[in-house]
Every structure is written in C-alpha cells, then in structure tokens.
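The sequence and the structure come first, and the description follows.

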Amino acid sequence: VDAAASLVSLAVRGVGNWVLQGRAGHPLALYEVYASSTHPRLRDSRVAMLRRALQHYQSAQLDAALAQFDALLFADPDDRVAALYRESCRLHLSAGRSRVLPSWSGSVSVDKSGVVQLLA
C-alpha cells in the first residue's frame, strides 16, 4: 500500500521521440519521471515551452527549436533534455539543411554514452 501511495505523487514530462542504440529505425516516446508534480521543470510555462520546442524540432524548424531550447536552458541550465536537443539542432544546422531533409524523422539519436548522433 505504501508503494502504491507513493506512485500517486509521480509526475512525467514528455521528452519526444528518441532512437536508442540497438533500436535503429524504431523511435521510442520517452518521458522523464519526477517524484513530485511541483518540480520547476513541470511548471505550465516550461512544459509549454518544451512542447513548442519539440514541435519545431519534429517539423525540422531547427532555428526556431534551437531558440526555444536556448530559452529553456537559460531558465534551467541543468535541463539535460533541452541540452541534448540543442546539441542535436546545432549538429544538424552545422551539417546544412540538406542533411535534415527529406528523411527527417524528428527523433533524436543517442549512442550508449549519451552522445547525440546525426540521423541519416
């Protein structure tokens, strides 16, 4: 009963679609789990900002996504999810837009060490 009661206070933040090592071509929707819904990253304004950033990212609007991820990191420099997406935006933008389209999936690819990889 105590374990079940503690699950009631858990909260999640959707963090987009990710391709993990060993699951190539099979993006997974991932979520961060928090012990309390009062965590600063779960504030309505931050959740909305992340949602907008992910929408820009998934539709290959990388300049707009990068600006949103930068704003998230300004508010919370320790937000590892925003940092990984920002790195992915920078990698793809530095490779040129032709690298992003037409096969863009809107997923982030991460190797086993947590390093963001360019998706082909």
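Helices (H or I, at least four residues) and strands (E, at least two) are DSSP runs, numbered from the N terminus. This is a predicted model, in which local features need pLDDT of at least 70, side-chain atom pairs count only at pLDDT 80 or more, and totals for chains, interfaces and linings use all residues. Residues are numbered from 1 along each chain as its sequence is written, and side-chain values use heavy atoms, with hydrogens and water left out.

**Fold**

The chain has 5 helices and 4 strands, and from the N terminus on its elements run α-β-β-α-α-α-α-β-β. Of the 120 residues, 35% are buried, where buried means under 20% relative accessible area, exposed over 50% and partly exposed in between (1.4 Å probe, protein chains only). A contact is a pair with heavy atoms within 4.5 Å. Among contacts between residues at least 6 apart in sequence, 52% join residues at least 24 apart.

**Largest pocket**

Pockets are found on a 1 Å grid over the protein atoms alone: a cavity is a set of points where a 1.4 Å probe fits but cannot get out, whereas a pocket is an open set with protein on both sides within 12 Å along at least five of seven lines, and lining residues have an atom within 4 Å of a point. Grid points are joined across faces, edges and corners, and a volume is the space filled by probe spheres set on the points. The largest pocket has a volume of about 160 Å³. Its lining consists of Val12, Arg13, Gly14, Val15, Gly16, Val47, Leu50, Arg51, Leu54 and Gln58. By class, the lining holds 5 nonpolar, 3 polar and 2 charged residues; Ala, Val, Leu, Ile, Met, Phe, Trp, Tyr, Cys and Pro count as nonpolar, Asp, Glu, Lys and Arg as charged, and the others, Gly among them, as polar.

Two of the lining residues can be followed further. Gly16 is in strand 1 and is buried, at 12% relative accessible area. Leaving aside residues up to four places away in sequence, Gly16 touches Leu28, Ala29, Leu30, Leu54, Gln58 and Tyr85. Its C-alpha atom is separated by 9.1 Å from that of Gln55, 39 residues apart along the chain. Leu50 is in helix 2 and is buried at 2% relative accessibility. Leu50 and Gln68 are 18 residues apart in sequence, and 7.4 Å separates them C-alpha to C-alpha.

**Aromatic pairs and core**

Rings of Phe, Tyr and Trp (its six-membered ring) pair if their centres lie within 6.5 Å; planes under 30 degrees apart count as stacked, over 60 as edge-to-face and the rest as tilted. By this rule there are 4 aromatic pairs. Two of them are set out here.

| Pair | Centre to centre | Angle between planes | Type |
|---|---|---|---|
| Trp18 and Tyr85 | 5.5 Å | 75° | edge-to-face |
| Phe69 and Tyr85 | 5.1 Å | 10° | stacked |

Trp18 lies in strand 1 and Tyr85 in helix 4 (residues 80–95), so their pair ties together parts that are 67 residues apart in sequence. Trp18 is buried at 6% relative accessible area, and Tyr85 is buried at 0%. The pair of Phe69, in helix 3 (residues 62–75), and Tyr85, in helix 4, links parts 16 residues apart. Phe69 is likewise buried, at 0% relative accessibility. Ring pairs join Trp18, Tyr57, Phe69 and Tyr85 into a cluster.

A nonpolar core is a set of buried Ala, Val, Leu, Ile, Met, Phe, Trp, Tyr and Cys residues joined through side-chain atoms within 4.5 Å. The largest one has 22 residues, of which Trp18, Tyr57, Phe69, Tyr85, Cys89 and Val108 touch the most other members. Strand 1, helix 2, helix 3, helix 4 and strand 3 (108–110) each give two or more residues to this core. Apart from neighbours within four places in sequence, Phe69 is in contact with Leu50, Ala53, Leu54, Tyr57, Ala82, Tyr85, Arg86 and Cys89.

**Backbone at Ala60**

Most residues other than glycine have a negative phi. Ala60 is not a glycine, yet has a positive phi of about 65°. Ala60 lies in the loop between helix 2 and helix 3 and is buried at 11% relative accessibility.
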